[in-house]
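Here are my notes for you to read with the structure open beside them. Take the points in order and look up each residue as you go.

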Amino acid sequence: MSWEIVIGLEVHCQLNTDTKAFCGCSTQFGAEPNTQTCPVCLGMPGQLPVLNTVAVDKTILTGLAINAHINLESKFDRKNYFYPDLPKGYQISQFAVPIVEGGYIDIPTKDGGEKRLGVTRIHMEEDAGKSMHEGLDAVSHIDLNRSGVPLMEIVSEPDMRSADEAIAYLKQLHQLIRFLGVSGADMEKGQFRCDANVSVRRPGEPFGTRTEMKNMNSFRFIKQAIEFEVLRQIEIIEDGGEVVQESRLWDSVKCESRSMRSKEEAHDYRYFPEPDLPPLRVSQQEVDAIKAGMPELPGQLRKRFETEFGLSSYDADVLTQTLESAAWYESLVAAHPADPKRCANWMANELLGRLNDAGKELSESPVSAARLAELLNRIGDNTISGKAAKDVFDAMMESADSVDAIIEAKGLKQVSDSGAIDTIILEVMAANPAQVEGYRGGKDKLLGFFVGQVMKASRGKANPGMVNQRLLELLKG
Amino acid sequence: MPFSSLSEIQSRLSSGETTAVEVAKLYLDRIASYNDELNAFVHIDPTHVLAQAEASDKYRSEHDARPLEGLPIAVKDIFCTQDGPTQCCSNILKDFHAPYDAEVITKLKEAGAVLVGKTNMDEFAMGSSTETSAFGVCRNPWDTERIPGGSSGGSAAAVAAALTPAALGTDTGGSIRQPASLTGITGLKPTYGRVSRRGIIAFASSLDQAGPMTRTVKDCAMITAAISGHDPRDATSVSDAPVIDWLSACESRDMKGLKIGKPKEYFVDGMDAEVRASVEAALKKCEELGAEIIDISLPNTEYAIAAYYVIAPSEASANLSRYDGVRFGHRCEDPEDLLDMYTRSRDEGFGSEVKRRILTGAFALSSGYYDAYYLKAQQVRTLIQQDFTAAFEQVDVIATPTSPITAFKLGEKTDDPLTMYLSDIFTIAVNLAGLPGLSQPCGFAQNLPVGLQWIGPAWREDTVLSAASAYEAATEWSRRSPAAFGGES
Ligand SMILES: [Zn+2]
């Protein structure tokens, strides 16, 4: 009998506001420990939180982008627990009434369709500080620079049925968040972290006992951790045991998970309404204004690229991975409107491929969209062949010289002079009398041989269209 | 002079009859003479007080005097001040020095006041007798064998014995009004949201409110005028609160036509008969002055204490979590591990009443009990608010006793927390509803002061002040002072 896997995800995403959720401290990453703190985010006696409305707007924008309901009145609650990096002894969060409820994310399926995955809620909360143990002997150091940085917690329905679906959901969400510009979502900096709730059951049966894999920040580890956990649970049940509800940590070095705390020690967070903050009220007009300012989302862009520019769904997907790449492509097409498909090929295969090999971001590209368009225009007007263009492009990645200067310097200008081409053709014909005779005797396939020879003789510079045309005429005799 | 009101001192300062330095010296001398007996102050720095007074005299010589120019004001140890320690009378905050001033402290300084020191209080404001202070009990100047009330007992005793002409307190369930009543002075708890809570060490955030403790109603108005106003760094400080003309409210003392509600639930069996008689007499006086006494009912009053002792400890249990030995305050010696550090630091730092309330609050919020306790208490709170709203459709202001009893003996109730909690039976509902409340002296019972409480609709401190001023002008009670401390009672 088979097993069904049930996965629900909780994503913690740091909002990219300039200041923290409840005070004016900077959120800049990487500063000296405890330099970006104030009495409020240090939890000093008597200090009170004041909500950063930019964080509210960004959370609403995210909610709108997943077609969720925005609660015009939401509330903040205190989540109580003791930990050295939690200065107040509670975290301000939204428990009873979150600002965003009930949205969804569609992921592509293998058969080319889509699967809709529910999002239960998005609520706002503050991040805790960071405990540092490494290199310290029996003591821990606390850095509270991160304390109070605004977070969105995005909670999914338990709708994923495989690790692959979970990863697809996370990638869609990650891309969406970057598109919206609400978070850098840099996973290495902990700006996009995931807890995965995993359980298994026999199909048709109620949900099994779940475990929670905590705080993962790499797609690869998340996939490994889920797959490991699924096998672990199946093995326990098949051996006649029972899965214990607990939180588990993924050890990416040993490739195994281990228990953080068992149910007996499970926290009772004693949530209750945060008395220092009045209910959060937003007006429908404010929500509408945020909606009006929403950028085009990846799904819409992908579809538009397919219909407007005739791109394959693969190319459209590659080019809409980030808002930046989509914008880059659009400016490329604007500068070389003749052939959007050629634009897509060059950007997806040549440019992004090379940048990827060099470990560079699009923003670091030495070739601008305008400059690439110049090159594509030179292919379009037959100045150079597509093959020669690749050499030119290599040079463009290295130097800032103009496209024409590079073509000139490399001597790659295409020969489109019919006299010059005729001369080469006649030389080739003279050198290969047997083939000329064969062609004239009906072996049409020999045309390819002559094209090859002529191109070779011109060192690739002959205009292939003209070569074809003149060959047909001259070979007739 | 020592038993003068702020406004009397103010007129002597502005006529040049005296200086801020002379005034400061007078009260510093009295503190030096009497504080050992009362333990009203827990921190005093005479050099710093005189420096402020000198600066004030200099300011007066160069500018127009500010609203509280040169006037000495003491503050409860719950207010964070950059000068001197802020310890909330708890061992867990022993020697804590706040790197900031509370917003009300900033406002007092800006108004030209001379801050005299920190007054004693129940630890973290939890108590009704100032017996839970980690720095020793405070005594009532009318009878030093008795408590001064709490939790702002130090401020009350200091004003009653004229160790300072005025002081700030905080009121979560009656902590300004009850000690004011038990020491024969006047105390005002403004409407919740009127005065910033920033920099006031939190007890129960949804109930705490700072206010003045003074000799006269007008003095309360002067101080409230100086400390109230919107604070953008306190999200519960109300930005569009109606502004009132505090001093004019005290001048308009006409009681004619004033409808005073007398809630039957506040005149119950079990209260001290003499207290009841004093308050009844006070209401009779108001009637003579032209007011109309209307019998009203606040039916949910009986549930106020129960609701309060769920909500306040719940909020306190979270507010006090930050005292964990990690970053400031007391840390136990040589902790074995993290849990040991938490438990021992907190065990050593907190007194038993604070522990009792943290446990009560943690229990009320714990899963499985939340609905039965916390949620229920919040529902009761709503009902109590509705009671007041309905009452204020009939009357302008409500008058009640402030406390059902006069000051009790030190130690008399310390072993019986439940009886102690009943001390605040008449003040708590006002906090649950967030309304303004004032206590003023209205008589004596067994030679101990009795307090009359005025309760107004939200933001109508003017009604409260005006009624209390009219009563004050027509009676002598606020001029009484304890003979043992040089008064003329
Ligand atoms: Zn801060």
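1. Let's start with a term for how much of a residue shows at the surface: buried means under 20% relative accessible area, exposed means over 50%, and partly exposed is anything in between (1.4 Å probe, protein chains only). By that rule E296(A), at 32% relative accessibility, counts as partly exposed. E296(A) also forms a salt bridge with R304(A), and their closest N and O atoms are 2.7 Å apart. A salt bridge here is a side-chain nitrogen of Lys or Arg within 4 Å of a carboxyl oxygen of Asp or Glu.

2. A word on the ground rules. This is a predicted model, where local features need pLDDT of at least 70 and side-chain atom pairs count only at pLDDT 80 or more, while totals for chains, interfaces and linings use all residues. Residues are numbered from 1 along each chain as its sequence is written, chains are lettered from A and ligands numbered from 1 in the order in which they are written, and side-chain values use heavy atoms, with hydrogens and water left out.

3. Now look at where the two chains meet. Contact means heavy atoms within 4.5 Å, and 29 residues of chain A are in contact with 38 residues of chain B. The area buried between them is about 2700 Å², with carbon and sulfur atoms giving 60% of that. Buried area is the accessible area (1.4 Å probe) that two parts lose on being put together, summed over both.

4. (Helices, H or I with at least four residues, and strands, E with at least two, are DSSP runs numbered from the N terminus.) R276(B) and E280(B) meet at 3.3 Å, N to O; they are four residues apart in helix α9 (residues 273-288), so about one helical turn separates them. R276(B) is partly exposed at 28%, and E280(B) is partly exposed at 27%. In helix α12 (residues 352-365), E353(B) and R357(B) are also four residues apart, about one turn. Their salt bridge is 2.8 Å, N to O, and here both residues are buried. Over all chains, the search finds 54 salt bridges.

5. Aromatic rings next. Rings of Phe, Tyr and Trp (its six-membered ring) pair if their centres lie within 6.5 Å; planes under 30 degrees apart count as stacked, over 60 as edge-to-face and the rest as tilted. The whole structure has 27 aromatic pairs over all chains. One of them is F228(A) with W250(A), an edge-to-face pair at 5.5 Å centre to centre and 65° between the planes. F228(A) lies in helix α3 (residues 219-238) and W250(A) in strand β13 (residues 247-251), so the pair ties together parts 22 residues apart in sequence. F228(A) is partly exposed at 27%, whereas W250(A) is buried at 13%.

6. Which way do the rings of F388(B) and F392(B) meet? Their centres are 6.4 Å apart and their planes at 20°, so this pair is stacked. Both residues are buried. Finally, find the aromatic cluster formed by F96(B), F124(B), Y323(B), F328(B) and F350(B).
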